[in-house]
Number of protein chains: 2
Amino acid sequence: MASRDRFAINTISNNSLALGDAIALYCRHGVRAITPWDDKVAELGLAETKRRLDDAGIALNGFCLAGLFAKHGRGNLAVALDHNRRVLDLAAALGAPMIVTCVGGLIAGERDLDYARRYAFEGMQALVEAARPYGITLGIEPLHPMYLPEWSVVTTIAEANDWAERLGAGVGIVVDTYHTWWDPALAEGIRRAGAAGRIAAVHVNDWLSPTSDVLLDRGMMGEGVIDIPKIRGWLDDAGFAGRLEVEIFSTRLWAADQDAYLAETLQRFEEHV
Amino acid sequence: MASRDRFAINTISNNSLALGDAIALYCRHGVRAITPWDDKVAELGLAETKRRLDDAGIALNGFCLAGLFAKHGRGNLAVALDHNRRVLDLAAALGAPMIVTCVGGLIAGERDLDYARRYAFEGMQALVEAARPYGITLGIEPLHPMYLPEWSVVTTIAEANDWAERLGAGVGIVVDTYHTWWDPALAEGIRRAGAAGRIAAVHVNDWLSPTSDVLLDRGMMGEGVIDIPKIRGWLDDAGFAGRLEVEIFSTRLWAADQDAYLAETLQRFEEHV
């Protein structure tokens, strides 16, 4: 149902490959837009990454990953911001239009969720300032509640909309089917985000039932229980016309033949998105 | 912080024991209230369960488990209701004041979440009728969103409050720290439930970070990242004065020495609830 010209892929979907090999894979299959991760870009080198992307005619749909302010512990927001500035530099050098932003979870060794929310919001305020000169949108991604402790105190699209609204210009949200499909307020949240022109990216993937791992058992579209076309319809109605980015964390799929897996992903994209 | 006279335990916390052995364990440690599961009661026999509970001076805090309407497939609501009536009979015979009710997830092989929500609500309407003559409260338990496909389309305390309100007399909600701690609207939901006299049960336990299993890796209170005393404070403020029931699904703890584990649980109950 989704047209292939709206296809993008997040390189985590092929995490078993080095970035250079992933770019070659995408080139073989005619993929035109990807979202790489900062650690893989650093590994390949910025200049080499740029050269290979240009040679393959591949643009960036986005860049991963900003945020995670709590990771360095209470009182170390400056350390987290330094890391975020390096991510901004890489993203800007590669021409990324947006950066996927996970605001971070609980502060290591602490249980105060209210404080963690304030801490992450304070981090976002500083990051918005830092990002402004680059002209890159920060896309806040609400993560599934099961990722709260380590990754994100923002767990619903309503909260992501609230944060984006309070943070102002330069901030959007990322709608990921895996993270949000359970939410009774999802349709409403997509409408609200669309009306504000705030949908910075969309991730598609599926929830397997039963699921064997909290982190690394996502499915390809159509393998699981998410009604992706329904969510796609809400995105259409909200005016979102950007790329639909496949993002799959899966030890099973990372271990598969990557050409066959990408070919199947492209086919499933047309049938199940 | 919690007084031991408010302690109750769900027998799933000692799932490696047969119900008779679990009752003996609880008796040795002075536990006064438990919540058993229908399959374990059936295994021991209703009369024998009743005799052993009476001999041990143990009352029921609740009974598990009603609901799960989608489990038998679309069009088989009558089968699900027959099973629920048998659960009601057992609970009534043992004098349980309430039954923990998980409304059920997606219909097997289907992806229509809206339909699954309507189907579960229809099941609840029928169950409320069936339960009325028994005078037993049905406590709707909102489950963590990661359990949606198999167990519950109701994933937030706001939804549970809405359902209980629409279903009317005889319906309450169950607040479980593990299922609800991530929810930005939890405090508000507890206030609302308390104001309506609708808190039918409270489950305490902890979220381990990182967690190794979706289903069977809960922690004892204080082992994880949930600020249980803060949630306890909200429950106090909402007027909840009932027992605080420990419910732990954990292969690690089920494999431990059960006397030492229960002794530690009782100590942690006083220190971390």
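Colleague: Is B:Trp182 buried or exposed?

Modeller: The model is predicted; local features need pLDDT of at least 70, side-chain atom pairs count only at pLDDT 80 or more, and totals for chains, interfaces and linings use all residues. Residues are numbered from 1 along each chain as its sequence is written, chains are lettered from A and ligands numbered from 1 in the order written, and side-chain values use heavy atoms, without hydrogens and water. Buried means under 20% relative accessible area, exposed over 50%, and partly exposed in between (1.4 Å probe, protein chains only). B:Trp182 has a relative accessibility of 0%, so the residue counts as buried.

Colleague: What kind of pair do the rings of B:Phe7 and B:Phe269 form?

Modeller: Rings of Phe, Tyr and Trp (its six-membered ring) pair if their centres lie within 6.5 Å; planes under 30 degrees apart are stacked, over 60 edge-to-face, the rest tilted. For B:Phe7 and B:Phe269 the centres are 5.0 Å apart and the planes at 85°, so the pair is edge-to-face.

Colleague: How many residues apart in sequence are the parts that B:Phe7 and B:Phe269 tie together?

Modeller: Helices (H or I, at least four residues) and strands (E, at least two) are DSSP runs, numbered from the N terminus. B:Phe7 lies in strand β1 and B:Phe269 in helix α11 of chain B, so the parts tied together are apart by 262 residues.

Colleague: Which residues does B:Arg85 contact, leaving aside neighbours within four places in sequence?

Modeller: B:Arg85 is in helix α4 of chain B and is partly exposed at 38%. With contact meaning heavy atoms within 4.5 Å, the residues are B:Ala130 and B:Tyr134.
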